[in-house]
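Subject: Structure for your review

Dear colleague,

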Amino acid sequence: MLRKLFVLFLIALVVAGGIGGYLLFTKISTPVSKAIIAIPSDAAIIIESDDFPNAWNDLKSVSVFWNKLKGMKLIDQIDNRTAYLDSLFSKQGEIAQLVKGQATFISIHLTGIHNYDYLFLVSLKNTNRMQDFNQIIKSLVGDNTINKRSYDKVDIFEISTEVGIFNYSISKGIFLGSFSPLLIEDAIRQMNSSSSLINKPENKGFELVHSTAGTDAACHFYINYSRFPKFASLFLRSKKHDLIGELSNFANWTELDLKIKSNSLMWNGLTFSNDSLPRFLNLLADQEPQDMEMIQVLPDNTAVLHYFGIEDFNKYYNDYKSYLGMINELYDYTQIIEKTEEKYGMNIYKDLLSLFSNEFAQSTSANVNSPDPKSNKTKDYAIFGLKDSEDALEILQDLCKVIQNNIEPPDSEKVNPSEVYRDHEILHLGIPNMLNNLFGHVFSQVKSNYCTVVGDYVVFAETANHLKNFIADNLSGRTMNRDISYLAFSDHISSSANYFLYYNIPLCLKTGMLQALFEEEWAITIVENIESIQEFQALGLQISSGSMKSSSAGGRMYYTNIYLEYNPDYKEKTQLFRQTKLDAPLRFTPWVVKNHYTDDNEIFIQDELNQVYLVDKSNNILWKKTISEPIIGDVTQIDIYKSNKLQLLFNTKTKLHLIDRKGRDVEDFPIELKSPATNGISVFDYDNTRNYRIIICGEDKEIYVYDSYGKIVTGWEFDKTSSLVYAPISHISVNGKDHIVAVDVKGMVYSMDRRGNQRMKPFQAFNYLFDNTYYLDKGNSIGNSWLISSDSAGIVRLASFSGKTDSLVFDDFTNPPYFKYARRNGKKQYIFLNRDELMVFGEDKEIVYNKSFDRIIAHRPLVYNLPDNDLKIGVVSEKSDELYLFNPDGSLSEGFPLYGNSNFVLMHNSGKTSLVAGARGNYLFIYSLQ
């Protein structure tokens with residue numbers, strides 16, 4: 001059908017050009033008839049242009065839209081035929097000049113239950129000497145045959161083409177063309193009648209909106225709401241037909257002026273709504289447009305938004321009921337309200353609607369980064385502004401109790417009526433489809449009614465978990481008003497409106513929401529060209545009431561704007577793409593481990609019930625098992641059988657564990673340790689032969705060395721340490737010599753070879769080892785290699801293996817700080833976290849940056865050396881459930897803070913980075929950072 005549209009456009013312009021050329025040569029002038037009177041009144045859409053060829057060229061040459069969509073089959077067909085049209089114009093220069101500036105119309109009509117077609121119309125200056133005119137047409141269409149027939153005493157000419165029969169006629173100075181003979185006949189009948197779009201009663205208001213059309217627009221679009229829904233339903237899935245059908249009562253006519261820019265298309269105009277007919281738009285009459293303050297709480301991954309801004313909610317609600325009465329739905333509506341109030345013992349208006357103020361909306365948030373096709377990619381919310389948020393919460397709490405008391409078992413046992421999440425109480429009202437019943441199909445997606453108060457708004461959602469996501473986004477500042485892409489888009493729309501419809505196109509595509517709207521053929525086309533289409537960032541529609549009231553037409557005019565933006569640089573922000581429920585809270589920082597089959601990184605964790613889990617990159621639990629004690633230290637992977645298959649190696653206080661990929665204990669593991677462990681294992685493969693040595697310290701002050709099978713290695717000569725060793729054993733190789741290094745709790749350093757023989761006599765590096773933490777900084781010799789630690793005053797202590805000592809004072813810390821030492825691009829950095837302040841110093845002792853927090857931080861800072869050799873620092877604020885990740889310059893990484901309350905780890909897969917952390921409620925979260 002689109003192909004037909006283009007061929008119609010091509011031939012019509014050629015024919016119009018022929019007419020223009022003929023008139024130029026004959027220089028005959030007669031009065032012009034307005035082509036608009038020939039448009040049948042059942043048109044769904046009408047397009048008008050004073051210079052259609054130039055508008056078409058602007059769309060192609062000025063706007064990036066056309067070039068971006070080239071490569072699509074339909075677009076390429078249109079482009080090729082346009083090239084042919086250009087070649088005709090170059091041969092007929094006079095025609096090209098006369099076509100330019102000729103007012104033309106294209107109207108779209110239903111031609112059957114499942115079909116539509118186009119009518120092309122242009123006013124002519126002279127229709128004399130039709131025989132000569134048809135000769136010009138014949139020369140332009142080449143060898144195609146022209147036949148003639150008559151309808152209502154008007155000649156209709158038919159041209160056989162490869163895509164069908166093109167029909168044209170000239171009557172009353174108007175050229176008509178269409179691939180549908182029925183539309184030509186309808187147009188002739190229309191001209192012969194005494195009425196037209198301008199004066200026909202059922203098209204009341206068209207003349208008014210037509211008179212408002214601007215003079216500098218590329219095209220004017222007219223939408224007929226009595227016909228448009230049936231036309232649109234041809235493209236939509238059947239389950240959307242009822243929803244689109246409601247547009248027939250939305251308004252009467254809209255006129256929009258199109259302006260074409262390089263990266264955007266903008267339509268501006270007016271919509272007429274008859275105030276004596278049931279029109280939904282009349283609910284906005286006398287309602288001042290409202291500032292769209294709701295974007296301050298809406299998540300930044302909002303994909304679809306239906307926003308209403310009204311000055312007086314009580315008036316809006318009463319007008320809504322009046323509207324329902326006009327469309328004969330008020331009785332059923334009243335019955336539903338009365339039954340609900342009786343069943344649940346409530347007063348709908350007093351207990352709920354009286355709380356609402358000047359903004360309400362339905363929004364759908366998208367979580368597009370999940371690699372799991374079964375994951376929940378969308379979350380629907382209903383949001384209402386509140387007159388007083390504190391009073392509203394108390395009233396909602398009371399309402400929740402009343403409803404729960406009136407719900408008969410077992411319904412009352414299915415859900416928790418109330419829970420607290422991050423200082424927000426989540427209530428379950430338990431009235432199915434409440435918002436849909438109250439406010440219509442816009443809110444049909446929120447069937448259950450969990451609700452919470454966020455700022456000055458009450459938010460409803462399908463589940464409590466959806467509300468937790470909403471709360472977390474707000475507390476993390478991940479809202480639309482802080483999203484750079486949305487802010488750039490909003491520069492081109494008004495900051496206030498009565499109604500705002502917003503589509504984030506990439507999010508709608510990636511979640512499948514856009515494809516799901518259209519019937520299969522169009523959905524397939526969208527999928528085939530998704531890479532091009534997703535570079536169109538967003539589409540917005542705004543409607544606002546104005547002061548214009550037309551007494552002659554009996555209705556009001558509403559400002560109407562549509563804006564479509566192209567933005568190839570648009571990127572979604574970091575998003576939680578999966579959450580998994582554990583049996584108990586996460587005990588330690590997750591460990592990143594490798595899947596030896598796929599080379600993907602996965603996650604190994606332990607909860608507070610001492611269960612260990614292996615979790616894949618999509619947060620699916622592959623297995624879990626219970627071990628007897630908490631893990632001490634790190635988890636390492638080894639290849640015990642040298643078969644390129646990896647096992648998980650770790651220790652608890654009394655056992656050494658080795659678990660295979662399927663969660664099974666390997667060989668004779670777990671192995672009972674000779675003495676209870678004081679530190680975690682250190683694993684060395686000195687010669688990269690997979691002959692591993694596992695070293696661990698015991699409460700008996702012995703240092704034990706095990707082989708891969710958990711057997712004590714014979715020939716280990718080391719005696720004992722003088723004090724207990726809690727810090728992990730380290731290893732450095734300098735000038736071909738291995739140094740196995742242990743530092744005990746009193747700061748004594750031991751250096752051994754592979755057999756446990758002393759490389760040097762034990763020496764006192766520190767007065768004591770604060771926080772059981774030290775760092776090895778390797779030099780070009782063992783004498784130039786340093787041990788680095790920090791004491792309780794935050795003084796950095798340094799000791800070399802040659803006996804030199806040094807100290808560095810960075811600040812006067814009032815409390816013992818956490819200390820980290822790292823290198824960034826070869827340069828030293830000293831990192832301190834002192835209760836509520838993160839401080840990073842360079843090797844020159846100058847501060848690189850510092851960050852303050854609202855709450856005391858109880859976790860050590862986390863240091864991440866990224867694949868690009870850069871360094872980022874992580875901080876966990878357990879009290880506020882916030883995760884921070886700072887860039888090397890001290891700026892907060894994009895999308896942070898995120899929600900979580902445990903130490904977190906960064907996981908890399910296929911060039912993409914994810915963050916893994918625990919959260920309240922026994923959850924494990926994975927965020928995609930790229």
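Two strands are taken to pair if DSSP finds at least two bridges between them, and strands (E, at least two residues) and helices (H or I, at least four) are DSSP runs numbered from the N terminus. In that sense, Gln-611 stands opposite Thr-626 in S27.

Two remarks on the source are needed. This is a predicted model, in which local features need pLDDT of at least 70 and side-chain atom pairs count only at pLDDT 80 or more, while totals for chains, interfaces and linings use all residues. Residues are numbered from 1 along each chain as its sequence is written, and side-chain values use heavy atoms, with hydrogens and water left out.

The chain as a whole

The chain contains 22 helices and 53 strands. Of its 930 residues, 54% are buried, where buried means under 20% relative accessible area, exposed over 50% and partly exposed in between (1.4 Å probe, protein chains only). Among the contacts in the chain with a separation of 6 or more, 58% are between residues 24 or more positions apart; a contact means heavy atoms within 4.5 Å.

Sheets and hairpins

The pair that contains Gln-611 and Thr-626 belongs to an open sheet of 4 strands, in the order S24-S25-S26-S27, with antiparallel pairing. S24 and strand S27 (621-626) are at the edges with a single partner strand each, so one side of each has no neighbour in the sheet. From one strand to the next the twist averages 25°, with axes being lines fitted to C-alpha atoms (for helices over the stretch in contact) and angles running from 0 to 180 degrees between N-to-C directions. Strand S26 (residues 611-615) and S27 run antiparallel and are joined by 5 bridges.

Another open sheet has 4 strands in the order S39-S40-S41-S42, and its pairing is antiparallel. Its edge strands, each pairing on one side only, are S39 (775-777) and S42 (805-808). The twist here averages 25° from one strand to the next. Within this sheet, S40 (residues 786-790) pairs with S41 (residues 796-800) over 5 bridges in the antiparallel sense, and Leu-787 has Ala-799 in S41 as its bridge partner.

Two hairpins may also be of interest. Strand S45 (residues 837-842) and strand S46 (residues 847-852) pair in the antiparallel sense over 5 bridges, with Phe-841 opposite Ile-847. There are 4 residues between these strands, and Lys-845 takes a positive phi near 70° in this hairpin. S37 is joined to strand S38 (residues 758-764) by 4 bridges, and the two run antiparallel; Met-748 has Gln-764 as its bridge partner. This hairpin has 5 residues between the strands, and Gly-756 takes a positive phi near 90°.

Strand S37 (residues 748-752) includes Tyr-750, which is buried at a relative accessible area of 4%. Beyond its neighbours within four places in sequence, Tyr-750 has contacts that include Phe-718, Ile-740, Val-741 and Pro-762.

Pockets and cavities

On a 1 Å grid over the protein atoms alone, a cavity is a set of points where a 1.4 Å probe fits but cannot get out, and a pocket is an open set with protein on both sides within 12 Å along at least five of seven lines; lining residues have an atom within 4 Å of a point. Grid points are joined across faces, edges and corners, and a volume is the space filled by probe spheres set on the points.

The second largest pocket has a volume of about 1,700 Å³. Its lining comprises 49 residues, of which Thr-589, Gly-633, Lys-820, Arg-860 and Asn-903 lie nearest its centre. S43 gives the most to this lining, with 5 residues.

There are 8 cavities of 30 Å³ or more. The largest cavity has a volume of about 70 Å³, and S24 and strand S29 (647-651) each supply at least two residues of its lining. The second largest cavity holds about 50 Å³ of space. Its lining consists of Phe-770, Asp-771, Thr-773, Ser-789, Ser-790, Pro-817, Tyr-818 and Phe-819, with S40 and S43 as the elements that give two or more residues.

Yours sincerely
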